[in-house]
Amino acid sequence: MVLPLSGLVAGALGAGLLRAVPRGANIRWLWCALPTAALWAVTARAAVPASWSPVPLLLSWLLVLLAAADIRHSRLPDALTLPAYPALAVLLWFAGADPIRSVIGCLVFFGVHLAVHRWWPAALGGGDVKLAGALGAVLGAVSWVALPAAAGLASAITLVGALWRPRDALPHGPGLAAATWLTSLWGPG
């Protein structure tokens, strides 16, 4: 019960953060608080080691904030994507993740997304590329299989979003963060 209530507070604070940062988003607090509380409740129920649980908790908080900003304004704020690197690096270190796998995952996921962005700029925005490296570090810490699994899952989530909003641009950031969060529930391995 404590974790969902904490998620409610974290989501509300996150909505305030989105309003305060440069090029953020004006999102109602409830749109961040309720999904964060729900994802924190799911994370609490997942069978992940206690040392690993801060990783999916932070990812779910980021997921909600990034999804809110991307759906509302079709962009991922640098104020969230760039600090994700050191924040996740610290959590991965405390969780005892293999640093070499994390760095390789970061570089591979960033590199693949950068290549897609360069080859077909309309397919991925710069914010998606910036976010990909931090998420790749988590996926590399989970397993090597997590990288392609999360990439496929992110594409599926984005396509489902396209069915929901057929005339709008496809925000890929929420799918990318959601796939990484779901994959992180496997725990490191």
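A patch, in the sense used here, is made of residues with over 30% relative accessible area and no salt bridge, and nonpolar side chains are joined into one patch when they lie within 5 Å. In this predicted model, a nonpolar patch of this kind is formed on the surface by Ile-100, Ile-104, Val-108, Val-112 and Trp-144, which together have about 460 Å² of accessible area. One of these residues, Ile-104, lies in helix 6, which covers residues 99–119. Ile-104 has a relative accessible area of 36% and is therefore partly exposed, because that class takes in the values between under 20%, which is buried, and over 50%, which is exposed.

| Residue | Relative accessible area | Class |
|---|---|---|
| Ile-104 | 36% | partly exposed |
| Tyr-85 | 27% | partly exposed |
| Thr-158 | 11% | buried |
| Trp-93 | 64% | exposed |
| Phe-94 | 60% | exposed |

Tyr-85 is found in helix 5, which runs over residues 84–94. Leaving aside residues up to four places away in sequence, Tyr-85 touches Cys-106, Phe-110, Val-129, Lys-130, Gly-133 and Ala-134. Two of these neighbours also meet the side chain of Tyr-85 through their backbone atoms: the backbone oxygen of Lys-130 lies 2.6 Å from a polar atom of that side chain, and the backbone nitrogen of Gly-133 is reached by the side chain of Tyr-85 at 3.3 Å. As for Arg-45, this residue is 40 residues from Tyr-85 in sequence, and the two C-alpha atoms are 26 Å apart in space.

Thr-158 belongs to helix 8, made of residues 146–164. With a relative accessible area of 11%, Thr-158 is buried, and the side chain of Thr-158 is joined to the side chain of His-172 by a polar contact of 2.7 Å.

A last point concerns the backbone. Ser-74 sits in the loop between helix 3 (54–73) and helix 4 (78–81), and the phi angle of Ser-74 is near 55°, which is a positive value in a residue other than glycine.

Methods. Residues numbered from 1 in each chain as written. Predicted model: local features only at pLDDT ≥ 70, side-chain atom pairs only at ≥ 80, totals over all residues. Heavy atoms only, no water. Helix = DSSP H or I, 4+ residues; strand = E, 2+ residues; numbered from the N terminus. Buried < 20%, exposed > 50% of the residue type's maximum accessible area, 1.4 Å probe, protein only. Contact = heavy atoms within 4.5 Å. Polar contact = N/O pair within 3.5 Å; in protein donor to acceptor, adjacent residues only side chain to side chain. Patch = residues over 30% accessible without salt bridge, like charges linked within 9 Å, V, L, I, M, F, W, Y side chains within 5 Å. Areas by Shrake-Rupley, 256 points an atom, 1.4 Å probe, with all protein chains shown as cover. Salt bridge = Lys/Arg side-chain N within 4 Å of Asp/Glu carboxyl O.
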